[in-house]
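Here are my notes on the fold, for reading alongside the model. Please check each point against the structure as you go.

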Amino acid sequence: MDILKTKSDMREWSKKKKKDSKTICLVPTMGYFHQGHISLMEKGKPLCDELVVSLFVNPAQFGPNEDLNSYPSNIENDLALAEKAGVTAVFLPDKKNIYPENFQTQIKLQDLPKFLCGKFRPVHFAGVATVVTKLFNIVMPDIAIFGQKDYQQLQIIKQLTLDLDFDIKIMAGDIIREKDGLAMSSRNAYLSKVQRTSALSLSKSLNLAKELIAGGEKNPAAVKNRIEAFICTFPETNIEYISFCNPKTLENIDSIENHVLLAIAVKVGKTRLIDNALINPAQ
Ligand code: AMP
């Protein structure tokens, strides 16, 4: 497994592989790998000749009061897990290499960031879109894989790939969960024992919503009220949003008729957790 620490080394590596007609798949990450990250690598492995993982905690996607400085990291362990998953190159740049002095360009989407997490994290998606655009230009992958766990991010990346004419196939990986249902996240490492139990309120809410909808409930407000009351029974929870929306546009919906996205963000203590489910009332 090659480790490339600068964008020029990474680009040279990719150019050489392309010259040899190798296809490249990219899995962008911020590290501190769990099975969610590994599942994306496993999905990509059979689809390409070269599997590249980028590991970069992107400062541009953190707000001023967010957890940039405490974001968990264990690079040695990440490299061992990546190698085990069959990764052929890890792109491990430092911040100065990605954002040199006088860096001044931002990629901003018009509509998709107005909803869900974008409402509460005003700089987040411009930071994500900018770094992913840079990663696409540096690594030049044929395929890039992102998790459905960050559903809004996935939609934003699909849109920017279309808008900016990247010749890259964007693929989605299913949400990987702990045995008890908690969606895996590097940020779960922040949770105390009590908070870990409260964190389950997110996945349990998604199940509660599915049950209510299967029982014929079509009113998003009614389901939302039930979920809200349910989450509030768990200690240290603070709901940021519960949204029923159109899975493509992310706009709120008035009635649960077709496929809907239910997306939830809850602060458990100081840790912000998200989860979501695509729900089809016909099923
Ligand atoms: P991160 O390192 O948190 O930026 O995540 C890197 C990639 O892994 C993103 O595409 C995430 O959506 C994806 N990811 C994070 N958690 C999960 C999970 N539980 N299941 C599947 N993919 C995930």
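1. **The sheet.** In this predicted model, 6 strands form an open sheet with parallel pairing, in the order β1-β4-β3-β2-β5-β6. Strands are DSSP runs of E of at least two residues, and helices are runs of H or I of at least four, both numbered from the N terminus. Two strands pair if DSSP finds at least two bridges between them. The edges belong to β1 (2-4) and β6 (169-173). Each has a single partner strand, so one side of each lacks a neighbour in the sheet. On average, neighbouring strands are turned by 25 degrees against each other, direction ignored.

2. **Ground rules.** Residues are numbered from 1 along each chain as its sequence is written, and side-chain values use heavy atoms, with hydrogens and water left out. Local features need pLDDT of at least 70, side-chain atom pairs count only at pLDDT 80 or more, and totals for chains, interfaces and linings use all residues.

3. **β2 and β3.** Strand β2 (residues 24-29) runs parallel to β3 (residues 50-55), and 6 bridges join them. L26 stands opposite V52 in β3. P28 has S54 of β3 as its bridge partner.

4. **Burial of β3.** Is β3 mostly covered or uncovered? Covered: 6 of its 6 residues are buried. Buried means under 20% relative accessible area, exposed over 50%, and partly exposed in between (1.4 Å probe, protein chains only). E50, V52 and S54 point one way from the strand. L51, V53 and L55 point the other way. Note that E50 is among the buried residues.

5. **α7 on the sheet.** Helix α7 (residues 151-163) lies across β5 (143-147) and β6. The helix runs at about 170 degrees to β6. Axes are lines fitted to C-alpha atoms, for helices over the stretch in contact, and angles run from 0 to 180 degrees between N-to-C directions.

6. **α6 against α7.** Helix α6 (residues 124-139) packs on α7 at about 50 degrees, with the axes 10 Å apart. The two are therefore oblique to each other. Angles under 35 degrees count as roughly parallel, over 145 as roughly antiparallel, 65 to 115 as roughly perpendicular, and the rest as oblique. From α6 come F125, V128, A129, V132, T133 and F136; from α7 come Q152, Q153, I156, I157, L160 and T161. Contact means heavy atoms within 4.5 Å. The residues of this contact divide into 8 nonpolar, 4 polar and no charged. Ala, Val, Leu, Ile, Met, Phe, Trp, Tyr, Cys and Pro count as nonpolar, Asp, Glu, Lys and Arg as charged, and the others, Gly among them, as polar.

7. **α1 against α6.** Helix α1 (residues 7-19) also packs on α6 at about 50 degrees, with the axes 8 Å apart. That makes α1 oblique to α6. K7, M10, R11 and S14 of α1 make the contact with K134, N137, I138 and V139 of α6. By class, this contact has 3 nonpolar, 2 polar and 3 charged residues.

8. **Two backbone points to check.** Most residues other than glycine have a negative phi. S21 has a positive phi of about 60 degrees and is not a glycine. S21 sits in the loop between α1 and β2. With 60% relative accessibility, S21 counts as exposed. L250 also has a positive phi, near 70 degrees. The loop between β7 (237-245) and β8 (260-268) holds L250. At 1% relative accessibility, L250 counts as buried.
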